[in-house]
Amino acid sequence: MVQTGTDRVKRGMAEMQKGGVIMDVVNAEQAKIAEEAGAVAVMALERVPADIRAAGGVARMADPTIVEEVINAVSIPVMAKARIGHIVEARILEALGADYIDESEVLTPADEVFHLNKRDFTVPFVCGARDLGEATRRIGEGASMLRTKGEPGTGNIVEAVRHMRLIQSQVKKVVGMSEDELMTEAKNLGAPYEILLQIKREGRLPVVNFAAGGVASPADAALMMELGADGVFVGSGIFKSDNPEKFARAIVEATTHYQDYDLIAKLSKGLGTAMKGVEISSLQPSERMQDRGW
Amino acid sequence: MVTVGILALQGAIREHARALEASGANVKIIKRIEDLEDIDGLVVPGGESTTMRRLIDKYEMFKPLQDFAKTGKPVFGTCAGLILMAREIIGQEQGHLEVMDMKVHRNGFGRQRESFEVPLTVKGLEGEGDYIGVFIRAPYIDSVGPGVEELATFQDRIVAARQGRFLCCAFHPELTDDHRMHGYFVGMVEESKKTFA
């Protein structure tokens with residue numbers, strides 16, 4: 001019997017992306033640059049996070065025309081963002097043929113209480129997380145891939161580092177615990193017990209975990225790989241830099257060979273100016289995207 | 001014991017390593033040209049074929065990989081790896097490594113939402129109709145030359161094939177706990193090593 005949308009098929013798709021870079025693009029031309037540079041997938045959206053920050057107002061799913069344009073332009077998988085809890089935006093993206101949906105805090109949440117029940121969909125989802133509680137709640141709802149939230153559109157890696165380190169250390173703690181300690185840990189983390197049990201038994205998260213939210217240079221991408229990320233999302237970093245083609249290629253290479261420092265030194269030369277960064281403490285609480293969702 | 005390399009530029013590497021080790025092989029991760037020395041066989045894993053080809057070119061591994069295939073040592077390509085091995089790709093002017101005489105259709109089964117798993121019968125593996133093939137934006141083999149043996153089909157499309165020391169499949173044997181495909185390949189590598197000894 002043929003089965004679509006199984007956990008294996010949804011999670012497996014993310015497994016194929018490992019060691020790669022997923023790039024935010026806003027049109028077909030950028031999508032082609034990303035593909036040419038070696039991106040494993042592109043994220044089609046109306047504005048990159050830095051521009052969403054600058055524009056203010058309500059950020060929604062991209063115009064379907066953009067998503068279709070990008071799907072037609074490249075042969076690599078195309079992802080797209082839906083607002084947290086926005087069932088219909090997600091259904092529209094699924095109908096358009098998006099290969100992965102990011103239920104994303106970069107957009108203005110549509111629901112402040114409930115995330116999507118992602119098990120209802122055939123298309124797989126990626127969700128952001130700051131700690132293991134959040135990560136496992138999303139897996140419980142059916143997310144097939146995780147990424148750190150970081151602080152999108154800032155070009156500042158500090159939050160992504162914080163989230164990746166925290167999740168890794170919490171996974172290690174769970175793996176090292178005895179099973180009779182797990183229920184209390186589940187209570188403390190706000191995590192589904194069964195998923196902690198699975199993490200303990202397998203020794204790792206059951207889904208792929210990428211880094212996202214603040215990656216602005218090849219060195220940032222390599223740093224996140226060093227800290228245990230399975231791959232990297234780059235949002236504003238590429239097309240907000242002086243030379244996107246060169247920048248995109250450098251980030252892909254730095255991700256593949258994240259421990260080859262001679263190479264990363266070489267490819268970091270003469271890249272021009274990276275995006276201008278934002279100091280996290282200068283953000284108003286209402287400007288912090290990572291606090292959206294729970 | 002044989003040593004099998006896994007081309008590790010991008011994609012599902014850890015899963016292949018686990019399946020190969022469970023099938024009794026040593027595993028070597030291949031990131032550069034010099035890593036290709038001292039291996040008895042090579043796995044070209046699933047991932048994004050476009051991305052993998054760019055990285056292969058970038059690190060000047062194209063020729064060494066073709067040369068490796070010519071040495072007579074076995075190569076196993078899964079999903080994107082199958083595409084890299086094909087002589088002809090529909091809609092593209094050129095193939096990549098072009099080591100298997102077959103024409104393939106990239107993403108032939110559709111996009112992610114059309115991706116599926118299904119029980120298959122694979123020739124050469126024990127059991128019938130009990131091998132779960134996991135197809136993710138998978139290609140299929142449109143047609144094969146005379147020297148290529150079909151090992152499995154789904155909806156009349158060829159999804160696994162062998163040509164002498166080259167093995168390929170459109171599905172992902174590394175994503176299940178059933179290691180029969182890897183066992184089959186390790187068997188090929190053991191056979192080949194005898195002739196090299």
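## A pair of facing residues in chain B

Let's start with two residues: B:Val43 stands opposite B:Phe76, which belongs to strand S4(B). Keep in mind as you look that this model is predicted.

The strands behind this pair are S3 (residues 41–44) of chain B and S4(B), which pair in the parallel sense over three bridges.

## Strand S4 of chain B

What joins S4(B) to strand S12 of chain B? Four bridges do, and S12, covering residues 166–169, runs parallel to S4(B). Here B:Val75 stands opposite B:Phe166 in S12(B).

Now follow the side chains along S4, residues 75–78 of chain B. B:Val75 and B:Gly77 point one way, B:Phe76 and B:Thr78 point the other way, and all are buried.

## The open sheet of chain A

Over in chain A you can find an open sheet of eight strands with parallel pairing, in the order S8-S7-S6-S5-S4-S3-S2-S9. Which strands sit at its edges? They are S8 (208–210) and S9 (232–234) of chain A, each pairing on one side only. On average, neighbouring strands of this sheet are turned by 30° against each other, direction ignored.

Strand S2 of chain A, residues 21–25, pairs with S9(A) in the parallel sense over three bridges. Within this pairing, A:Ile22 stands opposite A:Phe233 of S9(A).

Helix H12 (residues 244–256) of chain A packs on the sheet and touches both S2 and S9 of chain A. The direction of H12 makes about 155° with that of S2(A).

Terms used
Residues are numbered from 1 along each chain as its sequence is written. Chains are lettered from A and ligands numbered from 1 in the order in which they are written. This is a predicted model: local features need pLDDT of at least 70, side-chain atom pairs count only at pLDDT 80 or more; totals for chains, interfaces and linings use all residues. Side-chain values use heavy atoms; hydrogens and water are left out. Two strands pair if DSSP finds at least two bridges between them. Axes are lines fitted to C-alpha atoms, for helices over the stretch in contact, and angles run from 0 to 180 degrees between N-to-C directions. Contact means heavy atoms within 4.5 Å. Buried means under 20% relative accessible area, exposed over 50%, partly exposed in between (1.4 Å probe, protein chains only).
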